[in-house]
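Subject: Handing over a structure

Hi,

Here is the structure I promised to pass on to you.

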Amino acid sequence: MRIMKKIIYQIILMMLSIGLVWVERVQAESESLPNIIFYFSDDLGYADLACYGHPYAKTPVLDKLASEGARFEQHYVTGVTCSPSRTGVMTGIHCARFENYPAYHGFGERTTITELLKKRGYQTAHFGKWHISARGSETHGIYGIDHVFTDKQAETEFGRDYTPVKHAIDYIKEHAGKKPLYINIWGHSTHYPVQANPDFASKFIEVKVKPQDFEKTIHHKFDLCKEIGADVDVSMRNYLGDVYSVDFNVGKVLKAIDEVGIRENTLFVYSSDHGPAPINTNKSDDELAGNMLGYAGVFRGGKHDKTEGGIRVPFIIRWPGKVEAGRVDSDSITSFIDWMPTLASIAGVQDLPEQMDGEDISDIWLGQTRERKTPLFWKTSSVNSPAAIRQGKWKYHEGGKRTEPALYDLRADPSESRNLAKEEPEVAAELQAKVDAWSAELPKSYNKERVKKKKNKKDEA
């Protein structure tokens with residue numbers, strides 16, 4: 001009996017020891033996992049920041065962020081409008097794979113990056129713009145997000161991003177150091193309507209728009225301003241003031257990160273959801289219509305377009321000691337379709353969804369330059385929508401009802417001005433075949449009807 005008790009006692013001690021080692025290992029892993037904070041602007045153009053070439057913009061915080069981390073010049077979003085872009089970020093697959101439009105119907109059974117990270121031990125939160133499920137669904141716990149705060153684009157003296165930023169800062173201060181954090185901060189500036197705080201707009205009071213200071217890709221916007229009776233100089237000051245408010249609020253978040261002492265172990269990412277919005281001439285009676293002067297630099301097009309101006313965006317990443325400070329990557333082709341596999345690799349997530357359209361580019365984030373393994377696709381929906389593909393230096397636009405197929409060499413022609421489809425028929429055919437193969441995987445129907453809110457007896461009374 002004594003021998004049996006001794007054996008049992010030894011087994012218990014061994015189990016406790018194993019348990020203690022396991023707890024210590026989990027705690028050590030938790031402490032080593034980086035915090036991930038993602039600031040996503042709305043409709044901000046590729047060249048709207050000073051560090052990306054705007055001739056008049058003042059973005060000292062983001063310029064400094066770029067100098068402390070890496071700035072990418074060939075980074076792409078997954079959609080030409082808000083929800084498709086966010087869908088790619090959250091699910092790692094293209095919005096066109098969804099039979100039901102995610103902005104109205106959500107992601108269904110698809111796994112999200114926040115669910116993966118939550119299982120890995122992350123504290124997850126979302127602040128600001130939503131647009132990834134039906135209205136009213138933005139509740140704590142959805143998509144594995146512990147805390148959800150969405151506002152109604154409340155204008156404040158510090159811009160439309162300030163309210164979600166303030167809530168995010170409070171959350172960071174409360175939870176920093178307890179668990180690794182994953183936080184979305186999705187702003188509303190510079191989405192229509194742009195009406196900058198006068199104090200911010202006044203920082204650009206000396207601005208007088210000279211078309212020669214800009215690429216020709218934005219000159220039509222200056223003409224439209226005049227056409228609808230807007231003062232181009234005033235419109236530009238307002239737009240730049242709104243961009244400045246974004247910079248200001250990013251600075252608030254970065255300051256909070258420093259104050260709670262997590263800077264060294266925080267992966268901070270800044271980007272935009274797609275290209276700049278157009279000036280809507282149908283709003284000619286709206287004094288704010290002319291303020292939509294977002295700029296994509298040499299790239300043609302903007303929001304709603306599959307041209308480079310619509311899908312190429314600024315992308316800045318800072319991770320002290322891991323991401324080389326001051327690096328500018330002009331060669332690597334990266335995308336938000338890679339967000340899920342890349343973060344999963346960094347966080348040591350093993351159990352990934354079987355289907356993902358992107359690839360792990362953590363090596364590129366950390367300094368390597370290489371060709372990507374998978375092509376990039378853009379398609380608004382699974383039906384009645386021509387696709388575009390980027391592979392290597394080539395960009396190919398599938399023909400539609402009113403358009404001919406178009407092939408561009410982006411290294412020689414980044415503004416997509418010379419169609420080489422007839423000069424390079426073999427390249428065009430090869431890319432069309434890849435588009436056809438990818439499109440064949442997509443649903444045969446597409447539902448973009450809003451979810452009708454069910455009435456309860458109280459509503460009917």
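A cavity here is a set of grid points where a 1.4 Å probe fits but cannot get out. Please keep in mind that this is a predicted model.

With that definition, the structure holds 1 cavity of 30 Å³ or more. The volume of the largest cavity is about 90 Å³. Its lining is made up of Thr 78, Gly 79, Val 80, Thr 81, Pro 84, His 94, Cys 95, Ala 96, Phe 377, Trp 378, Lys 379 and Thr 380. Sorted by class, that lining has 6 nonpolar, 5 polar and 1 charged residues.

Now to the pockets. The largest pocket comes to about 560 Å³. It has 19 lining residues, and nearest its centre lie Lys 129, Trp 130, His 131, Arg 135 and Glu 138. Its lining divides into 5 nonpolar, 7 polar and 7 charged residues.

The second largest pocket has a volume of about 350 Å³. Of its 20 lining residues, His 304, Asp 305, Lys 306, Pro 386 and His 397 are the closest to its centre. Here the division is 8 nonpolar, 6 polar and 6 charged.

Enjoy looking around!

Best wishes

Terms used:
Residues are numbered from 1 along each chain as its sequence is written. This is a predicted model: local features need pLDDT of at least 70, side-chain atom pairs count only at pLDDT 80 or more; totals for chains, interfaces and linings use all residues. Side-chain values use heavy atoms; hydrogens and water are left out. On a 1 Å grid over the protein atoms alone, a cavity is a set of points where a 1.4 Å probe fits but cannot get out, and a pocket is an open set with protein on both sides within 12 Å along at least five of seven lines; lining residues have an atom within 4 Å of a point. Grid points are joined across faces, edges and corners, and a volume is the space filled by probe spheres set on the points. Ala, Val, Leu, Ile, Met, Phe, Trp, Tyr, Cys and Pro count as nonpolar, Asp, Glu, Lys and Arg as charged, and the others, Gly among them, as polar.
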